[in-house]
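Keep the sequence and the model open side by side. The paragraphs below walk from one residue out to the whole chain and back into its parts.

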Amino acid sequence: MTAVNARVPHVGTYRRELPVSLERLYENAIDWEHLPYLHRSTFSRIEPIDSGDWGFRARVWTHPYEEQRAFVIELRLDRDCRRWITRTLEGSGTGTEIWTHAFSLAQRTTLVVVDFFVPGAGKTAAVRLRDYYYRLYAQLYDEDVAMMTARESELDRIRAGQPSRKVTREVIGEIAEVRARLPLEIEFAGVRFRVIELGGELIAFSARCAHLMGPLGEGRIEGGVVECPWHGYRFDIHSGECVSGAACRLAPAPTVKINSDGKVVLETI
Ligand code: FES
Ligand SMILES: [Fe+2]
């Protein structure tokens with residue numbers, strides 16, 4: 001099906017079958033926070049104006065950042081029509097509409113059909129714009145699919161049952177061998193932790209973000225704070241506290257000790 005918007009010229013339709021459920025796609029569509037983090041090569045900043053289950057309206061800046069070049073966009077999700085429409089309300093390209101229809105082909109296979117409408121696009125501009133949008137959407141969906149599938153596997157792990165917390169102590173190796181493997185991702189009592197060396201001290205922190213289960217273990221670390229690559233929430237590695245203002249904190253991490261025999265041991269606090 002191709003969306004028909006008589007007011008604005010249609011410049012192209014992008015189609016792609018994605019290995020994710022409709023639910024993950026809806027979640028992704030209204031998730032404004034991920035734009036400047038997961039899609040950092042496309043967006044540099046976002047400031048929400050309003051947001052909710054219906055979608056969001058926000059001021060956004062593309063990459064590279066230029067203070068004067070802000071857009072206001074609005075995304076409205078219509079679950080009954082399995083559709084979301086993104087409109088540019090202010091800034092360059094005002095009046096542009098991007099209509100996405102989603103068709104669930106199987107529990108975890110969804111076809112998206114994305115139609116691009118750009119005001120004033122003549123024939124030549126339409127071809128250029130179509131190519132631009134195809135390339136852009138291919139990249140955005142590559143990045144989104146990586147996030148949505150990783151999140152789905154984390155949810156699967158949770159659905160499969162809570163891990164046992166019975167393990168309270170585990171030797172992970174000789175100090176020299178452990179140091180050579182750093183940074184190290186390790187499962188302890190059913191939870192994944194990242195072990196790193198910070199200021200000469202070995203320390204473990206949850207490899208799963210407390211926000212939407214992002215890959216915190218892969219986050220950038222600066223001054224004892226780790227930043228999640230999905231939405232940029234920042235956490236104090238020692239306390240697990242979110243230092244960027246969200247009401248969430250990391251799962252308690254085990255302490256990392258070096259025994260007198262030179263073995264590295266994880267222990268629950
Ligand atoms: S999953 Fe959202 S900030 Fe980590
Ligand atoms: Fe996205």
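Beyond its neighbours within four places in sequence, Ser-51 is in contact with Trp-32 and Phe-56. Contact here requires C-beta atoms, placed from the backbone, within 7 Å of each other. Ser-51 belongs to strand β2, residues 43-52. Strands are DSSP runs of E with at least two residues, helices are runs of H or I with at least four, and both are numbered from the N terminus. Ile-30 is 21 residues from Ser-51 in sequence, but the two C-alpha atoms are 8.1 Å apart.

The model is predicted: local features need pLDDT of at least 70 and side-chain atom pairs count only at pLDDT 80 or more, while totals for chains, interfaces and linings use all residues. Residues are numbered from 1 along each chain as its sequence is written, and chains are lettered from A and ligands numbered from 1 in the order in which they are written.

Now take the chain as a whole. Its secondary structure comprises 4 helices and 16 strands. The C-alpha trace spans about 75 × 45 × 30 Å along its principal axes. Of its 269 residues, 28% are buried. Among contacts between residues at least 6 apart in sequence, 44% link residues at least 24 apart.

The chain splits into domain 1 (10-159) and domain 2 (169-267). These bounds come from an automatic or database domain assignment. The C-alpha centres of domain 1 and domain 2 are 33 Å apart.

Just after α3, Gly-161 has a positive phi of about 120°.

The largest nonpolar core has 55 residues, and Phe-116, Phe-193, Ala-204 and Phe-205 touch the most other members. Such a core is a set of buried Ala, Val, Leu, Ile, Met, Phe, Trp, Tyr and Cys residues joined through C-beta atoms within 7 Å. At least three of its residues come from each of domain 1 and domain 2. Leaving out residues up to four places away in sequence, Phe-116 touches Val-11, Gly-12, Ile-98, Leu-129, Arg-130 and Tyr-133.

Finish with a sheet. Three strands form an open antiparallel sheet in the order β8-β16-β15. Strands pair when DSSP finds at least two bridges between them. β8 (169-174) and β15 (255-258) are at the edges with a single partner strand each, so one side of each has no neighbour in the sheet. β8 pairs with β16 (residues 263-267) over 5 bridges. Arg-169 stands opposite Glu-267 in β16.

Conventions
Buried ≥ 20, exposed ≤ 12 C-beta atoms within 10 Å, placed from the backbone. Contact = placed C-beta atoms within 7 Å.
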